[in-house]
Amino acid sequence: MIKVSVVGAKGRMGSHVVEAVTNAPDTQLALALDAGDDLTAVTPENTDVVVEFTVPSVSLTNVLALIGQGVDVVVGTTGWTEEKLAQVREALASGPRPDTQKVFIAPNFAISAVLADYFAVKAAKYFESAEVIELHHPTKVDAPSGTAIHTAHGIAAARKAAGMAPIPDATETDGGSRGQVIDGIHVHAVRLRGLNAHEEVLFGNAGEQLTIRADSFDRTSFMPGVLLAVRKLAGDAPAGLTVGLDHFLDL
Ligand SMILES: NC(=O)C1=CN([C@@H]2O[C@H](COP(=O)(O)OP(=O)(O)OC[C@H]3O[C@@H](n4cnc5c(N)ncnc54)[C@H](O)[C@@H]3O)[C@@H](O)[C@H]2O)C=CC1
Ligand SMILES: O=C(O)C1=N[C@H](C(=O)O)C[C@H](O)C1
């Protein structure tokens with residue numbers, strides 16, 4: 001049995017993870033921790049893998065503390081920048097298990113979202129225009145979503161590798177309507193009661209459009225991906241930092 005502790009266990013995602021870990025045949029719940037709890041309670045003796053779903057403002061601090069505790073960590077929380085990822089790599093290198101410890105961060109654990117992202121990167125070099133629209137529940141604290149930021153970076157990298165010109169856009173006045181520009185890609189965020197987690201990637205050429213859309217209607221959609229990551233970290237995932245569930249899928 002893989003012993004799994006959950007940090008952020010009382011949250012929308014954390015409570016689903018507690019249920020999934022409890023019900024899966026090969027995992028068992030070790031500790032369920034939330035705000036105010038002491039992370040030094042998590043040790044290699046009681047925990048094989050920690051799953052962290054908290055808030056962007058605290059996740060880095062939690063992950064650094066958990067690396068210090070010597071346990072492997074699966075992270076679903078958003079808000080990761082290159083600077084924060086570099087701090088995780090440094091902490092792993094100078095931590096208690098530099099050759100074997102693993103941290104895995106996924107912008108999105110839903111297979112629909114991971115595939116949408118993958119297909120978008122494949123499509124990027126064939127279209128003059130590309131924009132991303134993400135749509136979420138109104139209780140989400142960050143915008144744009146971590147997934148949309150990841151998608152925008154992926155599209156931008158593919159366009160750059162293909163030597164493409166900047167996206168055509170004659171806008172001269174913009175009070176914010178054109179969204180946030182990430183690596184040259186416009187990203188728009190919608191917050192609407194009734195929605196859960198959704199993303200559309202729009203690609204355009206003269207006379208044609210490709211739309212790639214992923215919809216997570218329910219948080220159960222993230223649980224197979226979370227359990228896959230837990231199993232991979234307890235198994236043959238490489239040591240060090242890995243970002244993106246695509247690394248654990250046969251794409
Ligand atoms: N990677 C993925 O597939 C997904 C990622 N997310 C991300 O996961 C994060 C959490 O989302 P939700 O569960 O909806 O948020 P939430 O607000 O429902 O839950 C966050 C939980 O973290 C707890 N918390 C806050 N500070 C803490 C601390 N210092 N230590 C321990 N626990 C602490 C809160 O008390 C709360 O229970 C967000 O960044 C969200 O964008 C959400 C869905 C899927
Ligand atoms: O807060 C959410 O709900 C979600 N957050 C992640 C993100 O910001 O990309 C993943 C998914 O979109 C749900």
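Colleague: Let's start with the hairpin of S9 and S10. Which residue there takes a positive phi?

Modeller: Gly 207 does, with phi near 80°. Two residues sit between the strands of that hairpin. Keep in mind that we're looking at a predicted model.

Colleague: And the strands themselves, how do S9 and S10 run?

Modeller: They run antiparallel, and nine bridges join S9 (residues 197–205) to S10.

Colleague: What should I know about where side chains point in a strand?

Modeller: In a regular strand, side chains alternate between the two faces of the sheet.

Colleague: Okay, let me zoom out. What is the order of strands in the open sheet of five?

Modeller: Read across, it goes S7-S8-S6-S9-S10, and the pairing is mixed. Strand S7 (180–182) and strand S10 (208–216) stand at the edges with a single partner strand each, so one side of each has no neighbour in the sheet. From one strand to the next, the twist averages 20°.

Colleague: How do I read phi when the residue isn't glycine?

Modeller: Here's the general idea: most residues other than glycine have a negative phi, and most peptide bonds are trans. Now the case in this model: Asp 183 has a positive phi, near 55°, and is not a glycine. You'll find Asp 183 in the loop between S7 and S8, and that hairpin has two residues between its strands.

Colleague: You brought up peptide bonds too. Where is a cis one?

Modeller: Look between Ala 143 and Pro 144, where omega is about -5°. Pro 144 lies in the loop between S6 and helix H5 (146–161).

Colleague: Which residues of H2 meet which residues of H3?

Modeller: From H2 come Pro 56, Leu 60, Val 63, Leu 64 and Ile 67, and from H3 come Lys 84, Gln 87, Val 88, Ala 91 and Leu 92. By class, this contact has eight nonpolar residues, one polar and one charged.

Colleague: Now for empty space. How would I find any?

Modeller: Rolling a probe the size of a water molecule over the atoms shows where empty space is left. In this model there is one cavity of 30 Å³ or more. The largest cavity has a volume of about 90 Å³.

Colleague: What lines the largest cavity?

Modeller: Its lining residues include Asn 108, Ser 112, Ala 113, His 136, Ser 145 and Thr 147. Also in the lining are Ala 197, His 198, Glu 199, Ala 214, Asp 215 and Ser 216. The elements giving two or more residues to that lining are H4, S9 and S10. By class, the lining has three nonpolar, seven polar and two charged residues.

Colleague: There's also an open sheet of six strands. What is its order?

Modeller: That one reads S2-S1-S3-S4-S5-S11, with parallel pairing. Strand S2 (27–33) and strand S11 (240–243) are the edge strands, each pairing on one side only. Neighbouring strands are turned by 20° against each other on average, direction ignored.

Colleague: Can we finish with a pair from that sheet? How many bridges link S1 and S3?

Modeller: Four, with strand S1 (residues 2–7) and strand S3 (residues 49–52) pairing in the parallel sense. To see one of them, find Val 6, whose bridge partner in S3 is Val 51.

How values were computed: Residues numbered from 1 in each chain as written. Chains lettered and ligands numbered in written order. Predicted model: local features only at pLDDT ≥ 70, side-chain atom pairs only at ≥ 80, totals over all residues. Heavy atoms only, no water. Pairing = 2+ DSSP bridges. Axes fitted to C-alpha atoms, helices over the stretch in contact; angles between N-to-C directions. 1 Å grid on protein atoms, 1.4 Å probe; cavity = no way out; pocket = protein on both sides within 12 Å on 5 of 7 lines; lining within 4 Å. Points joined across faces, edges and corners; volume = space filled by probe spheres on them. Nonpolar A, V, L, I, M, F, W, Y, C, P; charged D, E, K, R; others polar. Contact = heavy atoms within 4.5 Å.
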